[in-house]
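This report looks at the pockets of one protein model and at one of its helices. The structure comes first.

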Amino acid sequence: MGTPSSVVPVLGRLLQMPDVDVLAAVTPPDRPRGRGRQPESPPVKDAASSLGIPVLQPPTLRRESVQADLAALSPDVIVVAAYGRLLPSSVLQIPPHGCLNLHPSLLPRHRGPSPVATSILEGDETTGITLMLLDEGMDTGPLVAQREYALEGTETAGDLTDLLFNMGADLLAENLESWTRGELKAGAQDETAATVSSKLERTDGLADWMLPASTLVRQCRAFSPWPGLYTEWEGKTLKVLEAEPMGDLVPAGAGPGNVVGGASGQRLSVATGQGMLALNRVQLEGRRAVTSEEFLRGYPEIVGARLGSQETKS
């Protein structure tokens, strides 16, 4: 059970195991996307179909007919990776060896829907991947195995998600057969150390220039690829694709959100609540992504402007 491209390697790793028979892939229904609202299939569906694996796309797992279809497969274990929906008790009870889930954090830290982005936002030095036995709660089930990853402080959420699920594919392969043979025991999570991440919303990406530059840099990485860090200039959205802090010295008269040109006006930077933020790569609405220098050559009038709405985000 899975959805995004980041978990396709988990499916691939299972197929490489000689004693594993993948009976089916379960993924959400196709959704209309883009301007034409054409149906777009989840990446897991595309991968499974290309490999000749039957695909199920139930709109909900709570229907008795869907549960009957799953039970008819007689799975020994169900593997879940970024499926995006809680499994009801009736589904959890179908496989005799339970439902094993790969979660991209070191549980009980960062339960919930946005563990990777949250680890970046909070400046964690270490994260990892967890193999756990699902229960009816949100990432509250007992732990089977974990693997740590030391963060370099440059990762985007997209890249880190891919990396962690690749690690998770190996972790699953190393432990799956031992689990089904009863050689591994799952241990309860430490509830006193539990934290919960929140679902990201589009508005989370709206830059608040009152924040320190270091915080905005973490947001730029944590919100990549979605919702992205963005601001407004002359009625258009300006996406901040890459950024870095430039120190705590802010030019006299520059308030949060004011654009300042760097040496010879060739580097786009913005004053924040603490320090200057260099916008190394940006994309103006309706235009291609460009470097700071390219943008300044095309739009020199941005120097001195004040970016974005100054209203407090709700």
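## The largest pocket

By class, 25 nonpolar, 13 polar and nine charged residues make up the lining of the largest pocket. Ala, Val, Leu, Ile, Met, Phe, Trp, Tyr, Cys and Pro count as nonpolar, Asp, Glu, Lys and Arg as charged, and the others, Gly among them, as polar. On a 1 Å grid over the protein atoms alone, a pocket is an open set of points where a 1.4 Å probe fits, with protein on both sides within 12 Å along at least five of seven lines; lining residues have an atom within 4 Å of a point.

H6 gives the largest share of this lining, five residues. Helices (H or I, at least four residues) and strands (E, at least two) are DSSP runs, numbered from the N terminus.

## How the model is read

This is a predicted model: local features need pLDDT of at least 70, side-chain atom pairs count only at pLDDT 80 or more, and totals for chains, interfaces and linings use all residues. Residues are numbered from 1 along each chain as its sequence is written, and side-chain values use heavy atoms, with hydrogens and water left out.

## Helix H2

Which residues of helix H2 (residues 43-50) are buried? They are Val44, Lys45, Ala47 and Ala48. Buried means under 20% relative accessible area (1.4 Å probe, protein chains only). Seen down the axis of H2, these buried residues fall within an arc of 165 degrees, so they line one face of the helix. The arc is that of the directions from the helix axis to the C-beta atoms.

After H2 comes Gly52, with a positive phi near 75 degrees.

How values were computed. Buried < 20%, exposed > 50% of the residue type's maximum accessible area, 1.4 Å probe, protein only.
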